[in-house]
Amino acid sequence: MALFEQTETTTKVTLDDTEACCCTIETAQTIDGHTEYVVRVQRGPYPENSWRILRRYNDFASLNKCLQISGIDLSFPGKKLIGNMRPDFIAERLNALQEYINQVLMNPILASSLPTKKFIDPDSYSTPFHDLALQYASMSLRTDGVYTLGQSLGPIGWRLRKHYFKVVHKPQGNKHSPGHSTTKHHLIKSSSQSHGKQHTTQVCVTTSTEKDYNSSTRDHSGRDDLILSWTEFGPDRYIDEKEIHTVLKNFGGVQHPYIVPIEHIASNDSGALVIRKFYKQGSLKDVLCSASPCNPFLSKYGSPKGRTPLPLKDLALYARQILEAIRFLHSKGMACGHVHCGNVIVVDGIAKLMDVENFIFGVPSFYRPFFVQHSKINTCEAIDVYGFGHLLYEMCMGYPLQDSYARQISDCPDSLKSLLESILSKDACKSSLPTLDQLTTHPFFGEYAGHFNDLYATTIPVQKPHLKFSTSAKEQLKLAVQKTENRVRDEQRSVKNQKRLVRVQEMMTSEEEKKKIKQKAKHEQKQAKLRAQNSLQLNNGPPTTGSAGITATVHLSSSTGGIVKSDSANSITSPQEALMSPPPHATDSGGSTSPQPPPSAPPIPGPLSSVPLFAADSDPTQAPGSSATGKQLAKSISGDEPTTGNRSALLQSICNFNKSGLKKVVSPAEAGGK
């Protein structure tokens, strides 16, 4: 390669793990004696962002085994050893597996788990995230020389790219160079994040003098135990790589009575680590679910044993404290974007907000799949207000709201109901949410937390709020806020356009279905009429006159055309059919029929409208093509079958028909020839 040749730089594409995915099992195929299901996976609203994977029944069974730790009841079809290759059974099994994967993806906890992500998107989630986090955290602490990386806490959080470790202080008076420790480390590679089959994270780093993390909250030096979290940068990280170290350094000195302080913060090109004090009671969500903070996320929140809503006074006080912490961040030009019960710690009756640095890291919000459905929630302040509403709802009810808005709010005082409806009702999400300042003046806080202002005034002198950014850091934060809001708006427009397209397709489909139904109804109506006419002709056919077998027909004409009517009132044929039909066969006295020679072609009549139907002075003996006189015909018919008055009048007119009364009509061609 030439010395000054420029190499192509590849931009790392970071997936948004909160983006919803859907699966459709399209078909099943038999390969090497076993059945494989073709699964189509789509991420986001657009069908273009989709792919296909092949999965066997055993793959579904492995996924179900990993998800059983959640305690959620899933309808997974059982295994069948005999007759499992029959087409009808494969079709039934396909529908059952489709129902199962729909249940998994509709549950936010199961859908965000690593086993589910690996199942539907193996190319993107086969990376050993935990091993990389262990490597980066170890390298960062080795150069620091103050902390020692301890035990891995496993998947205690919902983020796939965030990992937790125990951290202890290095012994003082260490004569070794920084980065070395007298404690021996035994590194154990996690099989959960590599290509092993187990999905639960095991202990990755252990020390010889270490005790269980839940047994004590202090190390041997009397200091509080610490927890380290390593987080990969997300898709919303818009701060320049050269400036992010400065921004994090400034943010590391944040002080506020309602924000958990940061002990240490550092970053590299891939992510950042944060060290804080560990609280054995866990987060507010752990308190509500009565769960141990060190248990896996699926087992803690999948199907918790109990739900414990907070008393109204505690709820109002904690909510007001969190609201004050959010207002403080916004006053410094920074948003939070990650307000939920998992990011709140309650210590000695004081609620504190943590993980506020997630905005700088650019990781997606917990409630992002919800607020991207509402185009009015498009600013960082509105996002924080929306998250605050979900926080209030979970503290009040004891369980989270599983939808983007609350359809009905009950079992709470009117003032709290009014506060929740102003944020989480359908009308509020469609119009606009209240501001942070407007929330502080809501009557609910005045009713149940009226002493907050006095309490906050006495706390300020003890722990004065402090957060100072450099000029360049302020510009970077301002730019990050703008780009974050732009991305939210773009995604909301995409979701809205896709919903509109789906509605149009449904309308078009419904219109086409209506047309098809209408055309089908018309066709069936025509067929019904034809069937009715045919049945009438068959059931009410022309009668015969005894042994003679003579059928009487009448030729009718009108201005629009003529019809031929038999002596049956329900039998109707056209004049052309009457002309083309053969004459009736004569019968002898013995009843046997003898074929008659075909008659000569009749003369072409003139216009039917010009021919009189009946004539009083007509001569029935001159009727062309008749085998008997009109009077004899009338006698034969009247002798065999009694007729009504109308029928007698009709026969009388036939008998009195006079051929001499007909006028010959000269066609224009003949007139011109003359």
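The legends below describe close-up views of a predicted model. Residues are numbered from 1 along each chain as its sequence is written, and side-chain values use heavy atoms, without hydrogens and water. Local features need pLDDT of at least 70 and side-chain atom pairs count only at pLDDT 80 or more, while totals for chains, interfaces and linings use all residues.

**View 1. Helix 13 spans residues 380–397.** Helices (H or I, at least four residues) and strands (E, at least two) are DSSP runs, numbered from the N terminus. Helix 13 is followed by G398, whose phi is positive, near 90°.

**View 2. Five strands form an open antiparallel sheet in the order 4-5-8-10-9.** Two strands pair if DSSP finds at least two bridges between them, and the edge strands, strand 4 (147–154) and strand 9 (264–267), each pair on one side only. Seven bridges join strand 8 (residues 226–232) to strand 10 (residues 271–277), where I227 stands opposite R276.

**View 3. R320 and E324 form a salt bridge in which the closest N and O atoms are 2.8 Å apart.** A salt bridge is a side-chain nitrogen of Lys or Arg within 4 Å of a carboxyl oxygen of Asp or Glu. Both residues lie in helix 10 (residues 312–331), four residues apart, about one turn of the helix, and both R320 and E324 are buried.

**View 4. D490 and R493 form a salt bridge, with the closest N and O atoms 2.2 Å apart.** These two residues lie three residues apart in helix 19; D490 is partly exposed, with a relative accessible area of 39%, and R493 is partly exposed, at 47%.

Conventions:
The expected span of a helix is 1.5 Å times one less than its number of residues. Buried means under 20% relative accessible area, exposed over 50%, partly exposed in between (1.4 Å probe, protein chains only).
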